[in-house]
Amino acid sequence: MIQYIIRRLLAAIPTLLVISFVIFAILDLAPNDPTGNLPMTVPPEVREQIRISLGLDQPMHIRYYKWLVQFFVNEPLNILQHSFGVTIGDAENRTRILSWATRSPVIDLIVERTPQTLWVVGLSFLFGILIAIPIGIVQAYRQYSLFDQIGTFVAMLGFSVPTFFTGVVAIILFSVQLKWFPMIYDTTLEITSWDNFVLQVKQMIMPVTVLAFYQASQLSRFMRAAILDNLNLDYVRTARSKGRSENAVLMIHVLRNSLIPIVTLIALGIPTIFGGAIITEQIFRVNGLGQLLIIAIEGADIPTVQTLTFLFAILIVLFNLIADVLYGMLDPRIRYD
Amino acid sequence: MRKTLLLSIALTSAVALAGTAWAAERGRDGELRLLYWQAPSTMMPYLSGGTKELEASSVVIEPLARYDNDGKMHPWLAEEIPTVANGGVSEDLKSITWKIKPGIKWSDGSELTSADAVFTYEYCSHPDTGCTSSNYFNDIVSVDALDSHTIQINFTVAKPFPYAPFVGYNAPIMQKAQFDGCIGAKAQECTEQNFNPIGTGPFKVVDFKPNDVIVFEANELYREEGQPAFSKLLFKGGGDATSAARSVLETSEMHYAWNLQVEPEILTKMAEAGKGTIIAGFGTSVERLMVNFTNPDPDLGDDRAEYLGGNNNRNPHPFLADYAVRRALSLAIDRQILVDAGYGSAGKVGCNVLPAPAIYASDANDECKTQNVDEANRILDEAGWVRGSDGIRAKGGVRLSILYQTSTNSVRQGTQAFIKEMWKAIGVETELRNLSASVFFGGDPGSPDTYQKFYADIEMYTNNFSGTDPETYMANWTCKQVSRRANTWGGGNMPRWCNPDYDALSAEMSTTADLDDRIRLAKAMNDMLMQDYAMIPLIHRGGVSAFSNVIEGPRGNEWDSELWNIAEWHLR
C-alpha cells in the first residue's frame, strides 16, 4: 500500500506541472484584458501603462517561469516564515504572487475567504451527508413505499432545480415576506456573545439549506442504489437465517458494505467544497472562494485565477488518491500493488 | 410677570440650544450600511479597476474641489475655486494656484499641507506606477508648493479648463507620510497603505476585505462639527444589482444601493412597497450606434475596417458612406420604445452625443425624437436603393445588410431586437451579434472582437466623459484620433470619420477661454457629428441608485462620487 501511495504521489507531480501549464496557456491566450473593466474614460495610453506595470509586457515563458518560482518557492517560504518563524533566504525582496485587481498577495486573499467558504459550503456538505444517508437507507429498505416515492420526487426536484432559483425563492419567502432571516451575509460578524451566535446561525441557514438540499438529493440517490445492490445478496440472507435482528442486518452488515462507494464519493466531493458554491455565494453575498474565482475570471486577474485553479487541481489530485486508498482500506477485496 | 417671562425665555432657549447641541453630535446615528454590488478591490483610487474603488475611497480621501449633483464645482479642501478673475489662474492660462483651507488634519493627527499634493502628483505621474488617473495630470510641467498651504500647478500649454488635477474623485490628495516610498513599481507592494489609506474625509478605514466588505468608523478629526452623523459605515459588496435593489427597497437591510442596472418593471414594482426612494442622475452617458465609415469586409485582410489615405478615405464603407442611408437608419428608430423597454426612469431619448451639462446641450437635433418611417423610405427610394424580391434594398449589387454588434447584456440585446425590426420596415437586413463585455471592451490587440477594431458595420455601446468640460471628449472625433492599425487601435474615433472643418473647431476650442465661446464651439461640433450621422445617439442614460426611507441626504451624483455628501447623511 505504501509503495502504491508513493508511486501515485510521484506520478502526480508531472500531472500537476502539465495542469499548471495548460491553465496558464489558456488564460494567456484568452482574449481578455485586466484593464477591460475600467471605465471608458480611461485613455488607451494609461491602460497600456497599467498593463506594463502588471508585467504583461514580458513574453509568455518568462511570466510562466516567474509564476512557478513564486508559487513553489516564494509562497511556501512565506508560509514557513509566518507559521513557524523560520526565515530562509531574503525575506524582504521575495516577490509574492500579487492579484492584479487588488495588488495584494493572492494567498492572503485565499486565507481571508476560506473561513466563510468552509463554514457555509462545508457545513452544507456535512448536513447533506447527514440527511442523505438515513433517507437513502429508509428509501431502499422500504422500496416503492410512499416514503420512497416522495423521497425520489424530492430528490429529483433537488438536483434539477438550480441553486440560483431555490436561493432566490428562499430569499423572497424568508427574507422579504416572512422577515425571518437576513438576505445579506455579514462577513464581519464575530461570535463574541450568544446574540452574535444566533445572528450567525440566522444568516447561514438559507445558504446552507439551499446547498444541502442540492447535495443531499444527489447523495441520497447513490445511497439508495448502493443499499439496494446489497440487500439482495446472499450474505444478507445468511445473516437473517442466523437469527440476527433486522436492525443489525441493516445497520451493521448492509450499511457497511454500502458505504464503500459513498465514502469514495464523499472523498471526491471534498475538493468541491473549496471551489465554493459559486452561484450560491453570489446570491447570498457570502463572498468566499467561489466568488473570488468568478470575479478574478471576469476581471482577467490572471495570477488569482491561476493560483486558485492550481490549488483546486492539487486538492483534486490529492483527494483522488485519498479516495482510492480509502476504498482499498474499506474493501478487503481490493489490493493495490 | 417679567421675571417669569424672562425665565421661560431663558429656559426655552436653553432647551433649544441643548437640543441643537444634541442633534448635531457626531456619530449619533449608529451604523450606515451601503451595498455596492460590484465590490471594491482596493482603497487606492489611483490603482483602481473601476468606479467602485473611486466611490469607496471618496469617503476617506478628498480632492481640492468636488462637483455636486448638478455638475457645479465646489471648493472642498481648497478655500475657493481659482479663476482668472480672482487671480488664481494666470492670464496666459498656463498656471493655476490653489490655496488649502488652514487647519485641516489627516485622521492620524498630522496637518494637511501642500507637500501632500506635490507628492500625489509625483505618485500618479510616475510611469511605473500604472496610475489609472494619470491623464488627469497630463501636460503638467511641475507642481510646486509655494508655501505650506499653497499649490501652484504649471502646465506646458495654455489650459482653458485647468481643473483636472486634484478635482473630483479621480484625483484626490494622498498623505505623503503614509505613501512615501510607495512610488513607481513599489506602489503595487504597499498593500497595507493601499488598503488603509489615511484621509481627511468623514470616515476612516477600520477593516478592508477586498472584493467583500469594508468597515469604516467616523473620523474624530473631521473638520465639520457634528459630522458625520453615523459612527460606523459598512460598505458591503458582491452579488447582483437586482438583489441589491431588493435589500434596500424591500427588506430594508441596507440603506443605500448603487448602480441599479435592473429592468424598469422590476424596479418600479419594488419601489411600490414604499420603503425606499429611487434616484436617477443624468450625466454624460449616451448609448449610441457607431457607424463604420470604412469597409469591414473580411476579404480585405489587413485593410479590414482600416482608414486608408489622408483626409479622403480610400476604403469607404459600401453603403454607410451614403448620407441617405445613414439618415434613413436614424429616422426609422423609435427611441421612446427603447427607453421604455430597457431603461424606464433611468433613460431619456438622446439626440446628442453631448447631452450634458445642460449648457452644452444642443436643441438643433430634436427631430430624432420622432420616428419617421415614411420619410426614411422616401429618402432611400430617392437615393436609388431599390427593394429586391426579398424586401431588402440594393443598389449596384450592394445589399443593405448590416452586421450590428454590442456587448452581452440583456437590455442591449433587447434594444438590438427592436432596432432590427425597425430597420426591417425600411428594407434593411440586420444580423445581430453580441460579445462578452470583457472581450468587447478589453482592447486586446490580438482579438478581432474589440470595439476599437470595429469589424462590423454598426456597433453599440455607451460612452461618456468625466468632469464637466467636453473639450477632450469632443476631440475624440478628430482625424488624428481615427482608430487604426498604426496606433494599435488606440484612437478614440471609432467611426473613422474625418472632417477637416471639425478638426478646425476642435483646435479652436483648445485655445478658447471664454465660456460662451466654448459652449458655442462644443455645440457646433456636436451638431456637425449628429447632422452627418457619424454616430446615431439612442438613449441618454442615467445612473440609478436607491436609498432607504430611514435615512435622509443622498442626492446622487453623476459628476463625482455618489457619496460626495455622505458627511451630511443622517437618520430621518
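**Close-up views of a predicted two-chain model**

**View 1. The open sheet of chain B.** In chain B, three strands make up an open sheet with the order β4-β6-β5 and antiparallel pairing. Strands pair here if DSSP finds at least two bridges between them; strands (E, at least two residues) and helices (H or I, at least four) are DSSP runs numbered from the N terminus. β4 (95-99) and β5 (140-147) of chain B are the edge strands, each pairing on one side only. From one strand to the next, the twist averages 15 degrees.

This is a predicted model, in which local features need pLDDT of at least 70 and side-chain atom pairs count only at pLDDT 80 or more, while totals for chains, interfaces and linings use all residues. Residues are numbered from 1 along each chain as its sequence is written, and chains are lettered from A and ligands numbered from 1 in the order in which they are written.

**View 2. The pairing of β5(B) with β6(B).** The antiparallel strands β5(B) and β6 (residues 150-155) of chain B are joined by six bridges. Opposite B:Val143 stands B:Ile153 in β6(B).

**View 3. A helix across the strands.** α3 (residues 114-125) of chain B lies across β5 and β6 of chain B, at about 165 degrees to β5(B). Axes are lines fitted to C-alpha atoms, for helices over the stretch in contact, and angles run from 0 to 180 degrees between N-to-C directions.

**View 4. Where chain A meets chain B.** Contacts (C-beta atoms, placed from the backbone, within 7 Å) link 44 residues of chain A with 49 residues of chain B. On the side of chain A that touches chain B, α2(A) gives the most, with seven residues.

Key. Two residues are in contact if their C-beta atoms, placed from the backbone, lie within 7 Å.
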